[in-house]
Amino acid sequence: YNKSNNLSCTRYNVDSIVGESRKIVEIKRQIKIYAADSHPVLIRGNTGTGKELVAQALHSGSTYASGKFVSINCAAGVPTELFEAELFGYAPGAFSGAHKSGKMGLLELANGGTLFLDEIGDIPLHAQVKLLRALEEQEILRVGAVSPVKVDFGLITATNRDLNAMVGEGTFREDLYYRINALRIYMPPLCERGDDILLLARHILSKIGYLDIDFTEKAARAMSVYEWPGNVRQVVNAFGHAYKV
C-alpha cells in the first residue's frame, strides 16, 4: 500500500449522485439521515454501482467531514501480516524490515475523520478480530506495541459479497458483521434503475465537453434495453472510450 493512495479529499456529496429513479431518490434520503448518525454504515451492491461515491457523500454530510477520508481496499491481495501493519500500524522494530521509527496505521490516520473499508468481505479473519476490538474499544494497538492509542472516526464499509452467508460459512465473524451492519444502504445494479441510464449518459457527455449534443431515439432505446453488467463504471468507461476514438 501507498498511504497517499488511501487518503482522499472527498470530491462528492449527495448531490453528486446522478439519478431520479425511485431507488436513487430513496438512497439520497438515506444518506442525508445516516450522515447525521454516528453508527457504522454498510453499503452493499455489485461492482461498479457507485459504492465509494455513496461513502464519500456520507462523509461529506457527517460530523467528521472536516477530517480525512481514509479508504482501503480489503481485496487488494496483501498478505495478512502486511495488511495488519497497514491497518493498525507498527511499533519501532516490530518485525524484520520494519521502519526504525515505526509507522502509523490507517485506523490511526483516520482519527477525527472517516475510515472507508471497501470490499470488507475480503478482510483476513485474524485481522477481523483486531478490527472488532478497535471498534468496540475505540482504540488501536500497533503491531508490536504495548500501549493502545485512542481513536475516534466514522466507519463506512462496502461489499459486493453476501456477508450473512459468509457468517454461516465461518469465513466472516458474526460479531463483526453485526458491529458494521447497524445502518445499511443497497446500491442497485443499473439494470434496476433504467430511468437513470439516459441521465447518466447525458451527465457524462457534459463532463467531457459535449454540452449541446443529445442521443438519437434509436441510441437512447439501445442504452435503455442493454443490461450494463459493469453498471455505472461501464457507462463511464464506454463513453470515455468513445470520446478517445
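The model is predicted.

Start with the open spaces. The largest pocket has a volume of about 910 Å³. Its lining counts 31 residues. Closest to the centre of this pocket are Y12, G50, L53, V232 and V236. By class, the lining of the largest pocket has eleven nonpolar, twelve polar and eight charged residues.

The second largest pocket has a volume of about 190 Å³. Thirteen is the count to look for here: 13 residues line this pocket. S38, L135, Q138, F153 and R179 lie nearest its centre. Two elements supply two or more residues to this lining, namely α6 (125–137) and β9 (154–159). The lining of the second largest pocket divides into seven nonpolar, four polar and two charged residues.

How many cavities of 30 Å³ or more does the structure hold? There is one. About 110 Å³ of space lies in this largest cavity. It is lined by 15 residues, and D37, H39, G154, L155 and I156 are the closest to its centre. At least two lining residues come from each of α2, α3 and β9. The largest share belongs to β9, which supplies three residues. Eight residues of the cavity lining are nonpolar, six are polar and one is charged.

Two packed helices are described by the angle between their axes and the distance between the axes. Take α2 (residues 22–35) and α3 to begin. Their axes come within 8 Å and cross at roughly 40°. The two helices are therefore oblique to each other. The crossing of α2 with α3 is right-handed. On the α2 side, I31, Y34 and A35 make the contact; on the α3 side, V54, A57 and L58 do. What classes do the residues of this contact fall into? Six are nonpolar, with no polar and no charged residues.

Move on to α9 and α10. Helix α10 spans residues 217–225. The axes of α9 and α10 lie 9 Å apart, and the packing angle is about 120°. These helices are therefore oblique to each other. Their crossing is right-handed. I197, L198 and A201 of α9 meet A220, M223 and S224 of α10. This contact has five nonpolar residues, one polar and no charged.

The last pair is α4 and α6. Helix α4 covers residues 80–88. It packs against α6 at an angle of about 15°, with the axes 10 Å apart. An angle of this kind makes α4 roughly parallel to α6. The crossing of α4 and α6 is right-handed. From α4, the contact draws on T80, F83, E84 and F88. From α6, it draws on H126, A127, K130, L131 and A134. The residues of this contact divide into five nonpolar, two polar and two charged.

At its contact with α2, helix α3 uses V54, A57 and L58.

Terms used:
Residues are numbered from 1 along each chain as its sequence is written. This is a predicted model: local features need pLDDT of at least 70, side-chain atom pairs count only at pLDDT 80 or more; totals for chains, interfaces and linings use all residues. Side-chain values use heavy atoms; hydrogens and water are left out. On a 1 Å grid over the protein atoms alone, a cavity is a set of points where a 1.4 Å probe fits but cannot get out, and a pocket is an open set with protein on both sides within 12 Å along at least five of seven lines; lining residues have an atom within 4 Å of a point. Grid points are joined across faces, edges and corners, and a volume is the space filled by probe spheres set on the points. Ala, Val, Leu, Ile, Met, Phe, Trp, Tyr, Cys and Pro count as nonpolar, Asp, Glu, Lys and Arg as charged, and the others, Gly among them, as polar. Helices (H or I, at least four residues) and strands (E, at least two) are DSSP runs, numbered from the N terminus. Axes are lines fitted to C-alpha atoms, for helices over the stretch in contact, and angles run from 0 to 180 degrees between N-to-C directions. Angles under 35 degrees count as roughly parallel, over 145 as roughly antiparallel, 65 to 115 as roughly perpendicular and the rest as oblique. A crossing is left-handed if the near helix is turned anticlockwise from the far one by less than a right angle, and right-handed if clockwise. Contact means heavy atoms within 4.5 Å.
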